[in-house]
Amino acid sequence: MTAPIPRDLPDLPPIPGHAALLPTVVPATAVVTPVRRRPAAAFRLLTAVLALTGVAIELAVGGSPTTVLSHFTIQSGILLALVMLASARCAWSAHHPLPGALTGAALFYVAAAGLVHHVLLANASSPFAVTDGAGAGWQTAATHVLHTAVPVAAALDWLLLTAPGHLHLRQAPAWLLYPLAYLAFSLARGELLLPGSQDRYLYPFLDVDQHGYKGVLGNALLIGLALYALAALLVALDHIRPNPLRRPR
């Protein structure tokens, strides 16, 4: 006669020498097959080529290479080109996309450069309007490429070829570190150059000879607040725009 099986079995001791398996989370890439996005890769490659073309034209006809490379527009265009090339490679080879903080920063910088140009420098009613008599031919083409075509292409890539919800307001202060560093660079560069040197200050609102340090810092503060508002606007739009990558059911 066998003994009845107890209803509740006591916990058995672990087997010596065998580690207990911990619960794991299966990554989405193990379930969903990565897809190559060749149209997105091609568009990003063309955007990078467009930005590098504008930079190359400026280097060819814009005077001293060190002066050209000191412009915020040129630096932001080079950064966008590098980000677009890396992002195109990810889309072509079905790798994970670049972090939203990086792609958002590249978009933010070229958008800021374009807005500053159109609102402050190319606007005849602005107190900082620049009347460039030599702005003809290739240099005019480069100006339109870097300040209009490149920001529009970067915005189209963001709106039509990237998933929403990857930008966050906590990223905005980090994005402003580069403009702040550029302000310090511009002021230090102006101090190192001799008074009266051509292009001592590359932007009229940062011209210490004309506005003094108090006026320049006031201009920088106002532009910084406007840039923070631009960053907040990008974040807000990123969270309300539709997902262009979602497949219809």
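How many helices and strands does the secondary structure of the chain come to? The chain has 8 helices and 0 strands, where helices (H or I, at least four residues) and strands (E, at least two) are DSSP runs numbered from the N terminus. The model is predicted, so local features need pLDDT of at least 70 and side-chain atom pairs count only at pLDDT 80 or more, while totals for chains, interfaces and linings use all residues. Residues are numbered from 1 along each chain as its sequence is written, and side-chain values use heavy atoms, with hydrogens and water left out.

**Figure 1. The chain as a whole.** Read along the sequence, the pattern is α-α-α-α-α-α-α-α. Of the 249 residues, 35% count as buried; buried means under 20% relative accessible area, exposed over 50%, and partly exposed in between (1.4 Å probe, protein chains only). Contact means heavy atoms within 4.5 Å. Among contacts between residues at least 6 apart in sequence, 74% join residues at least 24 apart. The accessible surface comes to about 15,700 Å², of which 69% belongs to carbon and sulfur atoms; such areas come from the Shrake-Rupley method with a 1.4 Å probe, and for residues only the protein chains shown count as cover.

Figure 2. Helix H4 (residues 100–121) has 22 residues and spans 30 Å from its first C-alpha to its last, close to the 32 Å expected at 1.5 Å a residue. The expected span is 1.5 Å times one less than the number of residues in the helix. In H4, 16 of the 22 residues are buried. A nonpolar core is a set of buried Ala, Val, Leu, Ile, Met, Phe, Trp, Tyr and Cys residues joined through side-chain atoms within 4.5 Å. The largest such core has 45 residues, and those with the most contacts inside it are Leu-80, Phe-108, Trp-175, Tyr-203 and Phe-205. H4 gives the most to this core, with 12 residues. In soluble globular proteins, nonpolar side chains tend to be buried together.

**Figure 3. The surroundings of Phe-205.** Leaving aside residues up to four places away in sequence, Phe-205 touches Val-116, Leu-120, Leu-121, Phe-128, His-211, Val-216, Asn-219 and Ile-223.

**Figure 4. Ser-70 in its loop.** Ser-70 lies in the loop between helix H2 (65–69) and H3. Ser-70 counts as buried because its relative accessibility is 7%. Residues up to four places away in sequence aside, Ser-70 touches Gln-75, Tyr-182, Phe-185, Arg-189 and Leu-202.

**Figure 5. Leu-45 in helix H1.** Leu-45 lies in helix H1 and, at 43% relative accessibility, is partly exposed. Leu-45 touches Leu-85 and Ala-88, not counting residues up to four places away in sequence. Leu-45 and Leu-82 are 37 residues apart in sequence, and their C-alpha atoms are 9.9 Å apart in space.

**Figure 6. Two residues with positive phi.** Most residues other than glycine have a negative phi. Ala-94, which is not a glycine, has a positive phi of about 60 degrees; Ala-94 is in the loop between H3 and H4. Asp-199 also has a positive phi, near 60 degrees, and lies in the loop between H7 and H8. Asp-199 is partly exposed, with a relative accessible area of 38%.
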